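Subject: Structure handover and notes

Dear colleague,

Please find the structure below. My notes on it come after.

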Amino acid sequence: MAASLRCFLRSGKRAVLVAVRRGIHNSSPAAVQVTVRDALNQAMDEELERDERVFLLGEEVAQYDGAYKVSRGLWKKYGDKRIIDTPISEMGFAGIAVGAAMAGLRPICEFMTFNFSMQAIDQVINSAAKTYYMSAGLQPVPIVFRGPNGASAGVAAQHSQCFAAWYAHCPGLKVVSPWNSEDARGLLKAAIRDDNPVVFLENELMYGVPFEMSDESQSKDFTIPIGKAKVERQGSHITLVSHSRFVGHCLDAAAVLAKEGVDCEVINLRTIRPMDVECIEGSVMKTNHLVTVEGGWPQFGIGAEICARIMEGPAFNFLDAPVTRVTGVDIPMPYAKILEENSLPQVKDIIFSVKKTLNV
Amino acid sequence: MKTMLAIISNALCRITGRSAGEQTVSELLIGLSEFVNLTSPPAAAAVPPQARRLPPKPPPAGGAAQLVSSRTDQTDRPGARVVASRSLSDFTPQATFDIKKCDVHRLEAGPPVRAELTREQGLQYYRTMQTVRRMELKADQLYKQKIIRGFCHLYDGQEACAAGIEAAINPSDHLITAYRAHGYTFTRGVSIREILAELTGRRGGVAKGKGGSMHMYAPHFYGGNGIVGAQVPLGAGIALACQYQGNNQICVTLYGDGAANQGQLFETFNMAALWKLPCIFVCENNKYGMGTSVERASASTDYYKRGDFIPGLRVDGMDVLCVREAAKFAADHCRAGKGPIIMELQTYRYHGHSMSDPGVSYRTREEIQEVRSKSDPISLLKERLLSNNMASVEELKEIDIQIRKEVEEAAQFATSDPEPPLEELCNHIFSNDPPLEVRGTNPWSKLKSIS
């Protein structure tokens, strides 16, 4: 509570601007501003308290308070047994986490960024995701793999990849990608309580962004169902579907387009796998137009999957135009600021794509 | 399992003179221990050399005769000494054997060089190893008949490792191994029929036919793992859970000489040592990683030393008693909170790497034959039992026949049981979840998945 108040008071101009642009939607009188970082922190704190089988391991999660301070204060509160600093051994500690889950604990395995999860991806896929199926239900693996995913700022190619499509490809995994604080809190709690392997894709640039959180979402048992998308903004002319940070970009674009008389419906996927296709279909059947927005590369990505699913379902007949994908540029991430900015979807790209799709 | 218990309890009844009524095995064992205490001489009595006599001649091979007379003799066969003797029984109830000394790394002392073996234990280990042997040979047969497909990595030759380890740990301890897993699947409690039916991909298989050779599971047995080396961090994680829960359990984590060069092993060794995880890392060194001999794969073939800061033992993996004593030693080490330990078991596989490998392109038939004749684990145990009159030829033959019958019945089941129903194709994706829809091969194929 104190942390979020501090955050609120400390919030800079950008945060206030963001809050103003978003509008105060659907909040109860006692709503509070909480950053995504604090929401994640609270979620882990509450779940650690609730179930003694839950523990956190990863690089710098304990004494350093977390590389991005997401686990701040947890080691001080819970100690060495429950908050474990690991050496730089992703494959090793991811495997250890999976083994611990098999033997009855409920680990949260943090990757400093998901780029490093590639070192350990065999353990995530072959040891975690597939085991319940291979054992015909004898061996569940209740584990959460979490960490920042996708582009940050100025960290260049090896530290900027989006892994949503990679992990979402695999049966046996749930893949979750929160956007705001409420998403972060509710989905992380749900992920920790889930008896299955969950890949929890955070975003470093969102950690410091405060959002209003309702009273309800502050409750210790507040969870968001995995597999359900949320309509962040109702609209009638066109559907924008996105996940993580780019939901914000979509809402920004929608605000600009609203002034020009284009009414956008914005869907926040929240979960990548299993994807809430019904939500998208329902929206497309209303608006007849669809634009997907993601930070990842275009080929074989989230947008590609949405296109395929829409085509295979009832919503296809309601499309007045082909689906448009707005994606990251199909290149490794460059370093120079101007190059980096132009490697990811900007609000103007979304606006442009919407207008093209609507042919206005 | 039931048959094995019945045989053991019958044997116990013969020894203790109790009627084979409704007594449970544990009651009989307690009775046995009381009986032994009553009749055995004081322990640790040294045997003066002149008291030793030659062992009696073994009964005629073709004869049906019972073994006669009492056995109070001390044998002077190398490596054996009778500890307890009884006048009315047919067999020696217990003997002590010299076993090979283990090479040690970073340890003051190793496991004992003498191992005690009771008749019951001997029969049990014999039974276990023979069952694994016959089961693997049956799998070989079924594979050649194309009833088993895909991967099939056979364990014959290495039986002493599985039997010895299981004899040293508790059922509540944990074990995880790689893909050459059928032996451990059995010793960890899965029935022969469930193993064979899993190999043949039938619904009666331990994983309902969905896992196959490399993915069999049981309580406190975590498979069966297909990715070389991946099971080692998993095993350390299981050990972490034991430590976390404070239950005094340990995890035995096995890998081969091939996997010993995997990077994730060294990551695991580091963390296991750092956090003092109660984990026994066991390297089953059968001298070949698929077709590559250890000399061609490893800069150092002293696998028991590869843990560097982790203490290690090098053990004769063909001697079930050696394996058992070493595993006991290792388990005590872990349970005392001293952290992990490495055990290298020097063993040998008769088959090739898998059923698609004849196993003779990278080693000679002579080498295989030599191990079979000189170091076969089952023969070694049999020899000990017979020459110390702890069992009779007939008895062991009877056990062999029974095992063959069991394996044959299990194979019958495995070949006649139906395949899993198509309705179950998509089940077991998620645990404890409401049913979900799974896309089939085409958009109109909507399949259902239940937890």
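The notes cover the interface, then the salt bridges, then some backbone details.

This is a predicted model, in which local features need pLDDT of at least 70 and side-chain atom pairs count only at pLDDT 80 or more, while totals for chains, interfaces and linings use all residues. Residues are numbered from 1 along each chain as its sequence is written, chains are lettered from A and ligands numbered from 1 in the order in which they are written, and side-chain values use heavy atoms, with hydrogens and water left out.

Interface

Chain A puts 46 residues in contact with 37 residues of chain B (contact means heavy atoms within 4.5 Å). The area buried between the two chains is about 3500 Å², and carbon and sulfur atoms give 66% of that; buried area here is the accessible area (1.4 Å probe) that two parts lose on being put together, summed over both. Of the area that chain A buries against chain B, 20% comes from A:Ile96, A:Tyr133 and A:Met134, more than from any other three residues.

Across the interface there are 16 residue pairs in polar contact, both residues at pLDDT 80 or more. A polar contact is a pair of N or O atoms within 3.5 Å; within protein, one must be able to donate a hydrogen and the other to accept it, and residues adjacent in sequence count only if both atoms are side-chain atoms. On the side of chain A that touches chain B, at least two residues each come from strand 2 (54–58), strand 3 (83–85), helix 5 (90–102), helix 6 (117–129) and helix 7 (131–134). Helix 5 of chain A gives the most, with 10 residues. Helices (H or I, at least four residues) and strands (E, at least two) are DSSP runs, numbered from the N terminus.

The count of salt bridges between chain A and chain B is two. In one of them, the side chains of A:Lys174 and B:Asp433 meet at 2.7 Å, N to O. A salt bridge is a side-chain nitrogen of Lys or Arg within 4 Å of a carboxyl oxygen of Asp or Glu.

Salt bridges overall

Over all chains the count comes to 41 salt bridges. A:Lys77 pairs with A:Asp45, the closest N and O atoms being 2.8 Å apart. A:Lys77 is partly exposed at 45% relative accessibility, whereas A:Asp45 is buried at 18% (buried means under 20% relative accessible area, exposed over 50%, partly exposed in between, with a 1.4 Å probe and protein chains only).

In chain B, the side chains of B:Glu370 and B:Lys374 form a salt bridge at 2.9 Å, N to O. They are four residues apart in helix 11 (residues 365–375), so about one helical turn separates them. B:Glu370 is partly exposed at 43% and B:Lys374 exposed at 58%.

A network of salt bridges links A:Glu46, A:Glu47, A:Arg50, A:Arg185, A:Lys189, A:Arg193 and A:Asp221.

Backbone

The peptide bond from A:Arg273 to A:Pro274 is cis, with omega near 0°. A:Pro274 sits in the loop between strand 12 (271–273) and helix 11 (277–287) of chain A.

B:His220 is not a glycine but has a positive phi of about 65°. It lies in the loop between helix 6 (192–199) and helix 7 (231–245) of chain B.

Regards
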